[in-house]
Amino acid sequence: MRVLVLGGDGFCGWPTSLYLSDHGHDITIVDNLSRRKIDIELEVESLTPIRPISERIRAWREVSGRDIGFVNVDLATEYDRLVEVLEELRPEAIVHFAEQRAAPYSMRTQKTKRYTVDNNVRATHNLLTALAHSGVDASLVHLGTMGVYGYGWSGSAPIPEGYLTVKVATPDGELEREILHPANPGSVYHLTKTLDQLMFSFYARNDGLRITDLHQGIVWGTQTEQTIRDERLINRFDYDGDYGTVLNRFLMQAAIGHPLTVHGTGGQTRAFIHIRDTVRCIELAIANPPEAGSRVLVRNQITETHRVLDLAKMIGDVTGTEIAYLPNPRREAEENDLAVRNDQFLALGLQPTTLSQGLLDECTDVAARYSHRADPAKIVSRSVWRAGMETADDLLTELPARLPEPQ
Ligand SMILES: NC(=O)c1ccc[n+]([C@@H]2O[C@H](COP(=O)([O-])OP(=O)(O)OC[C@H]3O[C@@H](n4cnc5c(N)ncnc54)[C@H](O)[C@@H]3O)[C@@H](O)[C@H]2O)c1
């Protein structure tokens with residue numbers, strides 16, 4: 001298949017591009033490299049040294065013999081360029097990762113709130129309009145998030161895949177209806193993902209676009225079978241307070257002897273997926289699009305759920321790292337249950353890669369190898385959901401004298 005990977009330079013997009021290329025698909029990455037610019041703005045870098053996009057692509061050609069295209073387009077502001085790319089490349093499938101994806105960054109300042117909405121909503125809407133008018137018949141796979149359902153709203157009832165069956169009282173008795181699950185965004189970032197859902201619903205109905213929305217859990221891990229083949233292909237590893245995600249942060253913190261940063265009680269339960277399953281799910285999703293004229297196909301892209309404190313305890317026990325209970329910078333339920341249906345990907349043949357010591361070790365090894373690149377002043381989360389909320393001081397002011405030697 002000819003596949004456009006929008007946001008293909010990012011944490012999920014890069015390994016997905018390589019995986020699909022390795023499996024015979026013809027890949028073009030479309031990315032404006034904004035994520036790299038945000039690193040400069042935040043004065044932080046991926047723990048792993050990521051190479052410039054042209055070098056990444058050259059390295060892939062050397063190790064695989066396969067070409068990946070790259071076009072630098074800002075989907076939110078360069079509409080005409082986007083239409084040109086679609087008309088020229090005529091993709092059969094488009095994978096849309098290209099949004100500002102960090103909830104803390106989206107809550108950081110007025111500027112980052114506005115940027116996140118402007119970027120994400122405009123990028124997605126531009127793409128839908130371009131698809132509706134260009135006559136390019138590509139199915140669209142978008143990366144949404146489990147956070148659109150909110151945490152705690154359903155209690156212990158399993159979260160369905162996108163649609164909720166409800167009973168509506170009428171004068172003639174009860175009617176059963178399937179509605180889009182109520183949106184419960186917990187941040188401006190999550191808000192943009194719920195707005196995306198409405199746009200998808202409209203364009204699927206009005207223009208017959210074939211859309212899959214993947215409600216993904218928190219991705220962990222860093223390397224895939226492809227990114228491991230050459231150091232120049234290495235994937236991002238974000239560990240900072242804005243972009244680092246919880247499990248990878250714990251693994252990195254353990255690797256440098258930093259206390260594991262649990263916010264509040266750690267009673268938050270979240271859904272997780274390993275990066276190797278992310279890439280497989282994308283392949284399954286592009287191979288199984290909905291029919292034109294049908295509603296948006298929503299699939300929950302998760303493999304397991306865990307309580308944050310349980311993860312911290314598990315990693316703390318294995319590595320001998322202590323836990324630091326820090327003030328929670330987010331406004332969220334202190335504790336929540338979370339049960340999630342993921343029947344669709346299982347039925348399509350996904351064999352979940354669940355948390356195992358081997359994979360945790362692999363990730364800690366990557367973190368240890370590059371731990372000399374860590375900046376301890378970037379670890380504590382300081383983007384607060386409301387002005388005046390308490391934050392913690394740095395727990396380490398410099399890296400410990402003895403760090404594992406880079407291999
Ligand atoms: N990482 C996770 O744990 C996670 C979990 C759930 C959902 N998701 C979703 O998956 C997608 C990818 O996440 P990620 O972790 O790879 O993020 P990322 O920030 O590493 O990658 C996003 C990429 O999109 C590009 N981009 C952003 N705005 C763009 C624009 N206007 N035009 C062109 N390119 C643009 C960035 O430069 C970056 O390379 C996001 O939509 C995110 O919401 C991620």
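Asp 207, which belongs to helix α7, is partly exposed because its relative accessible area is 33%, where buried stands for under 20% relative accessible area, exposed for over 50% and partly exposed for what lies in between (1.4 Å probe, protein chains only). The C-alpha atom of Asp 207 is separated by 43 Å from that of Leu 359, a residue 152 positions away along the chain. The model is a predicted one, in which local features need pLDDT of at least 70 and side-chain atom pairs count only at pLDDT 80 or more, whereas totals for chains, interfaces and linings use all residues. Residues are numbered from 1 along each chain as its sequence is written, and side-chain values use heavy atoms, with hydrogens and water left out.

Helix α7 covers residues 188-207 and also holds Leu 195; helices (H or I, at least four residues) and strands (E, at least two) are DSSP runs numbered from the N terminus. Leu 195 counts as partly exposed, at 33% relative accessibility, and together with Leu 191 and Leu 198 it makes up a nonpolar patch on the surface with about 250 Å² of accessible area. Patches of this kind consist of residues with over 30% relative accessible area and no salt bridge, like charges being joined within 9 Å and nonpolar side chains (Val, Leu, Ile, Met, Phe, Trp, Tyr) within 5 Å, and the areas come from the Shrake-Rupley method with a 1.4 Å probe, only the protein chains shown counting as cover for residues.

The aromatic side chains come next. The structure holds 2 aromatic pairs, a pair being rings of Phe, Tyr and Trp (its six-membered ring) whose centres lie within 6.5 Å, with planes under 30 degrees apart called stacked, over 60 edge-to-face and the rest tilted. Tyr 105 and Tyr 243 form a tilted pair, 5.7 Å centre to centre and with 40° between the planes. This pair links distant parts of the chain, since Tyr 105 lies in helix α5 (residues 103-106) and Tyr 243 in the loop between β9 (218-220) and α8 (246-256), 138 residues apart. Tyr 105 is buried at 3% relative accessibility, and Tyr 243 is buried at 1%. Phe 202 and Tyr 203 form an edge-to-face pair, 5.3 Å centre to centre and with 90° between the planes; here Phe 202 is partly exposed at 39% relative accessibility, while Tyr 203 is buried at 11%.

In the whole structure, a search finds 26 salt bridges, each being a side-chain nitrogen of Lys or Arg within 4 Å of a carboxyl oxygen of Asp or Glu. One of them joins Arg 108 and Asp 242 (2.8 Å, N to O). Arg 108 lies in the loop between α5 and α6 (110-134) and Asp 242 in the loop between β9 and α8, so this pair ties together parts that are 134 residues apart in sequence. Arg 108 is partly exposed at 40% relative accessibility, whereas Asp 242 is buried at 5%.

Another salt bridge joins Arg 210 and Asp 137, with the closest N and O atoms 3.2 Å apart. Because Arg 210 lies in the loop between α7 and β8 (211-216) and Asp 137 in the loop between α6 and β5 (139-145), the pair ties together parts that are 73 residues apart in sequence. Arg 210 is buried at 16% relative accessibility, but Asp 137 is exposed at 60%.

The cysteines form 0 disulfides, a disulfide being a pair of cysteine sulfur atoms within 2.5 Å. For Cys 12 the nearest cysteine sulfur is that of Cys 281, 11 Å away, which is too far for a bond. Cys 12 is buried at 13% relative accessibility, and Cys 281 is buried at 0%.
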